[in-house]
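Student: Could you take me through one part of this model closely, the open sheet and what surrounds it? I would like one connected account.

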Amino acid sequence: MFEIDRSLIVVTPKQPFLDWAQSIDFEEGLTLEDVREDSTAYLIPQYWEKSEQAEILEWRYELLFDVELESWFTDPALWPQERNLKMFLEWFDVDFHSLVFDLGEPPIQVIDYGPDDTDTTGSNGN
């Protein structure tokens, strides 16, 4: 088990999101429980203080909003045009998690080839 130097947020739709989705393409029997069933998780810069959460959300809510809307309808013309942080928080629950561990095998690896090193074979050029 390895700790990843990132934190995590989980974005979960609320009723206004479902209302919007149903207004575009009504799906009989679709419930809030259905759209909340498999919420999206996002890696974010690692934070330690709860006070940092608001700053992180302010920094990325527009991108998160776009990704969540696009996951239902890819045409931005169908998205609400006047989006802001207040609306984002009305449409989604956001859960922050400061520690993320990699339980996979093999663990995630970061390979930094640098700007001049394009050799992806693992050889040293000899």
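Tutor: The secondary structure comes to four helices and five strands, where helices (H or I, at least four residues) and strands (E, at least two) are DSSP runs, numbered from the N terminus. Along the sequence they follow the pattern β-β-α-α-β-α-α-β-β. Please keep in mind that this is a predicted model, in which local features need pLDDT of at least 70, side-chain atom pairs count only at pLDDT 80 or more, and totals for chains, interfaces and linings use all residues. Residues are numbered from 1 along each chain as its sequence is written, and side-chain values use heavy atoms, with hydrogens and water left out.

Now to the sheet itself. Three strands make up an open sheet, ordered β3-β2-β4, with antiparallel pairing; two strands pair if DSSP finds at least two bridges between them. Because β3 (40-45) and β4 (92-97) stand at the edges with a single partner strand each, one side of each has no neighbour in the sheet. On average, neighbouring strands here are turned by 25° against each other, direction ignored. Axes are lines fitted to C-alpha atoms, for helices over the stretch in contact, and angles run from 0 to 180 degrees between N-to-C directions.

Strand β2 (residues 6-13) is joined to β3 by six bridges, the two running antiparallel. Within this pairing, L8 stands opposite L43 in β3. Helix α3 (residues 52-70) packs on the sheet and touches β2, β3 and β4, contact meaning heavy atoms within 4.5 Å. The direction of α3 makes about 140° with that of β3.

S7 counts as buried because its relative accessibility is 0%; buried means under 20% relative accessible area, exposed over 50%, and partly exposed in between (1.4 Å probe, protein chains only). Leaving aside neighbours within four places in sequence, S7 is in contact with Y42, L43, I44, P45, Q46, Y47, H97, S98 and V100. The side chain of S7 also reaches the backbone nitrogen of Y47 at 3.1 Å.

Finally, the wider setting. Of the 126 residues of the protein, 30% count as buried. Among contacts with a separation of 6 or more, 76% come from residues 24 or more positions apart. The C-alpha atoms fill a box of roughly 60 × 35 × 30 Å, taken along the principal axes.

Note on methods. A polar contact is a pair of N or O atoms within 3.5 Å; within protein, one must be able to donate a hydrogen and the other to accept it, and residues adjacent in sequence count only if both atoms are side-chain atoms.
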